[in-house]
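Morning, everyone. Let me put the model on the screen, and then we'll walk through it piece by piece.

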Amino acid sequence: LLACVLSLTAASAPAEATRPAVALGSVVPAPVEVRPHGSAFQLTERTVIAAPRSARAVAERLAEALRPATGYRLPVVDRARGGTPVISLASGREEARLGAEGYRLRVRRSEVTLRANSNAGLFAGVQTLLQLLPPAIDAATPQRNRWTVPGGEIVDYPRFAYRGAMLDLARHFHTPAEIKRYIDEISRFKVNHLHLHLSDDQGWRIQIDSWPRLTTVGGAPGTGVDGAGGGYLTKADYRELVRYAAGRYVTIVPEIDMPGHVNAAQVAYPELTCDGVAPPPRTDTAVGYSSLCIGKEVTYRFVEDVIRELAAMTPGPYLHIGGDEAHATTDDEYLTFQERVLPLVARYGKIAYGWNEIAQAPAARRAVAQYWGLTTENATLAAAVAGGTKVIMSPANRAYLDMKYDPATPLGLNWAGYIEVRTAYDWDPGTYLTGVPESAVLGVEAPLWSETLRDLDDIEFMAFPRLAAIAELGWSPARDWASFRTRLGAYGPRWEQRGVGFYRSPQIDWA
Ligand code: TNX
């Protein structure tokens, strides 16, 4: 009996002392494999971060994330001396199933090791590691706490290569500082693409040297819904965003919407209309009334100049050319336009990407179509997929972050319905659309249109927590609402620590 009591004490006392605040599997998006075992790791003022030169930048990002709340030095070193508690990062030839973005995380009493095939994988592992520390790790100033990481092992890699978010800069401009904050937040959920909707009827938000009035006129103060805001990204701003995003393993995907959604361009350049007369600037939220003039050659000079300049400042593979809601264009005109423009994107070295309407055009076989419809059948898209078109899933009644949560939501629209967290979560991108098998799906994207959204507070309230739901659909192999609900509830204090004003959905038990 004595032995039994002793061993119980022996087993529970040290465990008690270092009991981690977080369970190993309490991570969003859910990891592929989670095996809790052994002792927890304790982050202390003696901890160092070890990384080879090639992984220095990721290690520094981890150190930057850990220093404010712990107040520790956390030096980044090549190699830790024996006996020093260490978080070590290594990238090299790891098992093939980890792919380009996966990682393996091992937590023992003496060390945490993170291994991956690439820095992108290490960065993903760092996001997991941060969620395994107590939520106070996200505080901006030093906190008294026991910084414990639960013991065990995680093996993790994404289901889909493309996990995206979209910001609409045209309806209301969002500044580079706001966009960077958004990148910080989405990259925590392993979202790896940020699509920027850079032009629309109300405004033009990216500098194009060969057509300077696009921004001096189209991005002037007062351009935007209700005449609120205005502004645009200079090329230097854009390049800096590309660089910043790359440091968080996020690829920028620029969109210029055409042939519709072009009123702002036509205000700046009346020759882009068929009658050559400048339309009035628009600050309302109507859609589908404007179109480039399909029969004029100047249209294609304009389009080529824009694509060339945009491609030149975009290292990522995709260039989005919109193509949605071209209601002022006949079907024939639309096809004529797309048959010329889709191949142009390829000529400038990019993969053409557009809203699912582009699937009508034979040239869309080599393109990526973004599905934004409300139904689970789209024969045009399914036919294109049979011919080679790849798909990114953004069904508006599931993935649109600008839809209201419920009728009481103060911001947002409701044309695609109300989207509570469970609605955003409970669908399968790999089987959702008839005739679009998982093999044709590159991934998911959560668009956030800005008709009703002005500042970062508005963005955060609509994006979070739903963005986390879409991110999990894009990353995790299985969908489990009960588990997601629990992990999301536990995540809330992390947003609080970072000052992210998320929506406290009544579907979630927030910690
Ligand atoms: C439809 S979705 C649009 C946008 C609007 C959005 C508002 C799509 C491809 N086009 O022009 O901003 O609805 O939810």
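**Sheet, helices, ligand**

Start with the sheet. Seven strands make an open sheet with mixed pairing, ordered S1-S9-S6-S7-S5-S3-S4. Strand S1 (33-36) and strand S4 (76-77) are at the edges with a single partner strand each, so one side of each has no neighbour in the sheet.

Some ground rules. This is a predicted model: local features need pLDDT of at least 70, side-chain atom pairs count only at pLDDT 80 or more, and totals for chains, interfaces and linings use all residues. Residues are numbered from 1 along each chain as its sequence is written. Helices (H or I, at least four residues) and strands (E, at least two) are DSSP runs, numbered from the N terminus. Two strands pair if DSSP finds at least two bridges between them.

Now the pairs. S1 and S9 run antiparallel, joined by four bridges. There, Val 34 sits opposite Ile 154 of S9. S6 and S9 are also paired in the antiparallel sense, over five bridges. Arg 104 is opposite Val 155 in S9. Strand S3 (residues 48-50) and strand S5 (residues 86-91) pair in the parallel sense, over three bridges. Ile 49 has Ile 87 in S5 as its bridge partner.

Which residues of S9 are on its covered face? Gly 152, Ile 154 and Asp 156. Glu 153 and Val 155 are on the uncovered one. In a regular strand, side chains alternate between the two faces of the sheet.

Next, helix H3 (residues 119-132). Its 14 residues should span 20 Å at 1.5 Å a residue, and the end C-alpha atoms are 20 Å apart, so the two agree. The expected span is 1.5 Å times one less than the number of residues. Twelve of the 14 residues are buried, so H3 is largely enclosed by the rest of the structure. Buried means 20 or more other C-beta atoms within 10 Å of a residue's own; exposed means 12 or fewer; partly exposed is in between; C-beta atoms are placed from the backbone. What do the buried residues of H3 pack against? Among their partners are helix H2 (56-70), S5, strand S6 (103-107) and strand S9 (152-156). Contact means C-beta atoms, placed from the backbone, within 7 Å.

On to helix H15 (residues 481-498). It has 18 residues, which should span 26 Å; the end C-alpha atoms are 25 Å apart, which agrees. H15 bends by about 30° at Ala 490, and Pro 493 follows within four residues. That bend is the angle between axes fitted to the seven residues ending there and the seven starting there. Buried residues of H15 include Phe 484, Tyr 491 and Trp 495. Their cover includes helix H12 (421-425) and helix H14 (466-475). After H15 comes Gly 499, with a positive phi near 75°.

Buried or exposed? Ala 399 counts as buried, because it has 30 C-beta neighbours inside 10 Å. Leaving aside neighbours within four places in sequence, its contacts include Ala 424, Val 444 and Ile 470.

Last, the ligand. Residues around it include Asp 324, Glu 325, Trp 355 and Tyr 400. Near here means a C-beta atom, placed from the backbone, within 6 Å of the molecule. The shell divides into six nonpolar, no polar and four charged residues. Ala, Val, Leu, Ile, Met, Phe, Trp, Tyr, Cys and Pro count as nonpolar; Asp, Glu, Lys and Arg as charged; the others, Gly among them, as polar.

Definitions and conventions: Two residues are in contact if their C-beta atoms, placed from the backbone, lie within 7 Å.
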